[in-house]
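Here is my note on the model you sent. Please read it with the structure open.

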Amino acid sequence: MTKRCGTARTTTRSVTTGRQVLIAQAALVGGVVVTLLLKELPGLLREVRIYRMTGGLRAHRRYP
């Protein structure tokens, strides 16, 4: 009985490198951060307005 050597089959596969995975993850995290920032922006602006109305850093004697 003779053994046949397996023929090398070439398959077309999408090769994803580690760098591409890191870039995709960075894009995903960046998108989430931008979305959260845009969602919280009105509240942050309100807090900054309140902070400025109370005097900021110079008001530590007036407001305990």
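Is Leu38 buried or exposed? See point 3.

1. This is a predicted model, in which local features need pLDDT of at least 70, side-chain atom pairs count only at pLDDT 80 or more, and totals for chains, interfaces and linings use all residues. Residues are numbered from 1 along each chain as its sequence is written, and side-chain values use heavy atoms, with hydrogens and water left out.

2. The chain has one helix and zero strands. Helices (H or I, at least four residues) and strands (E, at least two) are DSSP runs, numbered from the N terminus. Helix H1 covers residues 18–53, 36 residues in total. Just after H1, Gly55 has a positive phi of about 110°.

3. Leu38 sits in helix H1. Leu38 is exposed, because its relative accessible area is 60%. Exposed means over 50%, buried under 20%, and partly exposed in between (1.4 Å probe, protein chains only). Of the chain's 64 residues, 3% count as buried.

4. H1 also bends. A kink of about 50° lies at Leu41, shortly before the proline Pro42. The bend is the angle between axes fitted to the seven residues ending at a residue and the seven starting there.

5. The chain exposes about 7,000 Å², and carbon and sulfur atoms supply 62% of that area. Areas come from the Shrake-Rupley method with a 1.4 Å probe; for residues, only the protein chains shown count as cover.

Note on methods: The expected span of a helix is 1.5 Å times one less than its number of residues.
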